[in-house]
Amino acid sequence: MKLVLASESQKTERDLVTHSAWGVSLTVEGYLQRERRLRAQRWAHAEMKTWLLCADDGAALASCETFRMDSFLRAPDGAFAQGDSFGIASVFTEERLRGRGYATRLMDLLAAELERISPRAQSALLFSDVGAPLYQRSGYRELDAWDWSFAPEPGEPSERVDRLLSEKELGAALARMRHPEAPFFLWPTADQVDWHIERERIYSELIPRPRPEANGAMAGESTALWYMMSRYSALIVAMFDARSAEDATALLSAARRVAHRAGLSKVVVWEEPGMGSLLSQVPGAVREARDGSLPMLRPLRPEVPLSPATPIPRALWV
Ligand SMILES: CC(C)(COP(=O)(O)OP(=O)(O)OC[C@H]1O[C@@H](n2cnc3c(N)ncnc32)[C@H](O)[C@@H]1OP(=O)(O)O)[C@@H](O)C(=O)NCCC(=O)NCCS
């Protein structure tokens, strides 16, 4: 068995088999279109690779994707070294081949390959929908996974914030946000956040539905970015930096009003360390253990600390 990078035609062949796992709300043609468009998006085009575990005769046994991201590791002198972390997505073994250790083998070979090809490799990150044990075998450890959800509310979205943000302002919005106070963290680029918004664009075309009127808001020094996931009828907060409970309430009020006008049923924020006390003061806040998308991290070098409190904003999800 060996690990290989998929060719363009192999990627399409994998799309045809993974439709059963990730494309059920779309026709096969719609799913192929979604995958083609997502791969062409700027961030994915630059940073995404599709990997195959192949038998000796070349047959594909399992597959997954990696997305390179920027991560930051604090050195003993306090300075941060920028490195590469890899989001791992779409781990898949065809039903007829399951239970033979192929996904585990793929994950093991992949981690070794990432360490080999990237001298700056710091970690691999995935979001498990099948619990922790499968990935624990390959050295991944689960991180904290709590969601805060908020009901939509009627009203003018811009009323309580300085202004709403459009999809064209992601870079400026990210530049206003504070980096986490953690010895190790990952931080998305504007193109990476745009990849989530590209999903919003694609789904609103394939399953016609108007897009929400804004993709974020600013209140004082505080900033939020969000996108719609129509499948969950939710407005998902991708990045959230609130400097006070008042700002958190104002930003979420804008999100709740945008969600209400878009006919969505909730706003969801992924909890990051230190955020809980602010969010708990927002009227109507509900905290729940996350269902699926369990973040799991595998250091790719020994200095990277493996803390369950590693901050993982939703923008890092792949
Ligand atoms: C999950 C998946 C990739 C596993 O592939 P595989 O080649 O069978 O994996 P392995 O043989 O290495 O390991 C199998 C283990 O995964 C576990 N597993 C598989 N699917 C699972 C699920 N839905 N929930 C919990 N555990 C699961 C099995 O229990 C098994 O554990 P065991 O050996 O102790 O019985 C495959 O089932 C699949 O493609 N599923 C559909 C897509 C998917 O959900 N991908 C994962 C997204 S995070």
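A residue counts as buried when its relative accessible area is under 20%, as exposed when it is over 50%, and as partly exposed in between. Keep these cut-offs in mind on the tour, which goes through a predicted model.

**Stop 1: D108**

Select D108, which lies in helix α4, residues 102-117. Its relative accessible area is 35%, so D108 is partly exposed. D108 and S138 are 30 residues apart in sequence, yet their C-alpha atoms are 5.7 Å apart in space.

**Stop 2: the whole chain**

Zoom out and show the protein chain as a cartoon. There are nine helices and 15 strands in the protein chain. Its radius of gyration is 20 Å, close to the 20 Å that the globule rule gives for 318 residues, so the chain is as compact as a globular protein of that length. Turn the view along the principal axes: the C-alpha trace spans about 65 × 50 × 30 Å.

Next, show the surface. The protein chain exposes about 13900 Å², and carbon and sulfur atoms supply 50% of this area. Of the 318 residues, 55% count as buried. Among contacts with a separation of 6 or more, 72% are between residues 24 or more positions apart.

Colour the charged side chains. The chain has 39 positive and 43 negative ones, and the centres of the two sets lie 2 Å apart.

**Stop 3: helix α2**

Select residues 28-40, which form helix α2. At 1.5 Å a residue, the 13 residues of α2 should span 18 Å; the C-alpha atoms at its ends are 18 Å apart, which agrees.

Which residues of α2 are buried? They are G30, Y31, L32, R34, E35, L38 and R39. When you look at how these are placed, recall that an α-helix has 3.6 residues a turn, so residues three or four places apart point the same way. To see what covers the buried residues of α2, show α1 (8-22), α3 (42-47), β2 (48-54), β3 (60-74) and α7 (190-206), which are included in the cover.

**Stop 4: helix α8**

Move on to residues 245-261, helix α8.

Within α8, pick T249. Is T249 buried or exposed? T249 has a relative accessible area of 14%, so it is buried. Leaving aside residues up to four places away in sequence, T249 touches R160, Q281, V282 and P283.

Step just past the end of α8 to G263, which takes a positive phi of about 75°.

**Stop 5**

Most residues other than glycine have a negative phi.

Select S233, in the loop between β11 (222-229) and β12 (234-241). S233 is not a glycine, but has a positive phi of about 50°. With a relative accessible area of 19%, under the 20% cut-off, S233 is buried.

Finish at S293, in the loop between β14 (286-289) and β15 (294-299). What is the phi of S293? The phi of S293 is positive, about 45°, although S293 is not a glycine. S293 is buried, with a relative accessible area of 12%.

Conventions: Residues are numbered from 1 along each chain as its sequence is written. This is a predicted model: local features need pLDDT of at least 70, side-chain atom pairs count only at pLDDT 80 or more; totals for chains, interfaces and linings use all residues. Side-chain values use heavy atoms; hydrogens and water are left out. Helices (H or I, at least four residues) and strands (E, at least two) are DSSP runs, numbered from the N terminus. The radius of gyration is taken over C-alpha atoms; the globule rule is 2.2 Å times the number of residues to the power 0.38. Buried means under 20% relative accessible area, exposed over 50%, partly exposed in between (1.4 Å probe, protein chains only). Contact means heavy atoms within 4.5 Å. Accessible areas come from the Shrake-Rupley method with a 1.4 Å probe; for residues, only the protein chains shown count as cover. Lys and Arg count as positive and Asp and Glu as negative; His and the chain ends are not counted. The place of a charge is taken as NZ of Lys, CZ of Arg, CG of Asp or CD of Glu. The expected span of a helix is 1.5 Å times one less than its number of residues.
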